[in-house]
Amino acid sequence: MTHASDEAKLHSGNKIIEILIEDEDDISNLIKNGFIEKMSFNMYSEQDPSKINFYGFKMEDYNNHAINSNIEFVRYVLYQSGKTRCYQDGGNCKEARKSSPHSLFEMRFHTPVSFEIYDYAKYVGFQKYGILNCCVCRNYVDSYNGFGKICRLYKHLQIPQYETLDTSRAKSCRCFMLDKEDMEQKLKNGAPAHYDIL
């Protein structure tokens, strides 16, 4: 290598192998002995353990003893009723579990920032379970005063102008219309962060 990887690269989630080559003997040693992930069997690194480093590999900590217990992430939760939640959370990755035994579907995004995450997750949840929710309806729009969302047909449907964001009224709404264009665009853009499904 010509230089050490910076912190952003080392924490990118990619598997990285750094090898320090100082002279032709190092190259010959590498060709002759090779190397494997488990350092105790690495003939090349035994000669000088500082010459090779692995990042992003599981290595020897198969029980995840060193996992940080204070990892921040954003959690999206879908319930059978159609209600949803999206909020910042934290915890230990080796103890990943649902936030509620009553949730139907949960996604954890490995980022402390929730920007654009809800828009992606709500469509993944809809595609997976098909549960109607006002948040995926074309009639659920930004309010006129810029504060929150409203149903633009609230007068026609005789419902309150303002109500909680995660309404499940869509399950019985005669005017529900899936916003297919928005869904395709959000899913095409992909997840704004690495995630796992619980």
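Tutor: Helices (H or I, at least four residues) and strands (E, at least two) are DSSP runs, numbered from the N terminus. This is a predicted model, in which local features need pLDDT of at least 70, side-chain atom pairs count only at pLDDT 80 or more, and totals for chains, interfaces and linings use all residues. Residues are numbered from 1 along each chain as its sequence is written, and side-chain values use heavy atoms, with hydrogens and water left out.

Student: In what order do the four strands of the open sheet stand?

Tutor: Strands pair if DSSP finds at least two bridges between them, and the pairing here is antiparallel. Strand S4 (84-91) and strand S8 (195-197) each have a single partner strand, so one side of each lacks a neighbour in the sheet. The order is S4-S3-S5-S8.

Student: How many bridges join S3 to S5?

Tutor: These strands run antiparallel. Arg75 stands opposite Arg108 in S5. The number of bridges joining S3 to S5 is six.

Student: At what angle does H4 run to S5?

Tutor: Axes are lines fitted to C-alpha atoms, for helices over the stretch in contact (heavy atoms within 4.5 Å). Angles run from 0 to 180 degrees between N-to-C directions. H4 lies across S3, S4, S5 and S8, and its angle to S5 is about 145°.

Student: How are H4 and H6 oriented to each other?

Tutor: The axes of helix H4 (residues 117-129) and helix H6 (residues 180-189) come within 9 Å and cross at roughly 110°. Angles under 35 degrees count as roughly parallel, over 145 as roughly antiparallel, 65 to 115 as roughly perpendicular and the rest as oblique. H4 and H6 are therefore roughly perpendicular.

Student: Is Val74 buried or exposed?

Tutor: Val74 lies in strand S3 (residues 71-79) and touches, among others, Cys86, Met107, Phe109 and Ile117. Buried means under 20% relative accessible area, exposed over 50%, and partly exposed in between (1.4 Å probe, protein chains only). With a relative accessible area of 0%, Val74 is buried.

Key: Lists of a residue's contacts leave out its neighbours within four places in sequence.
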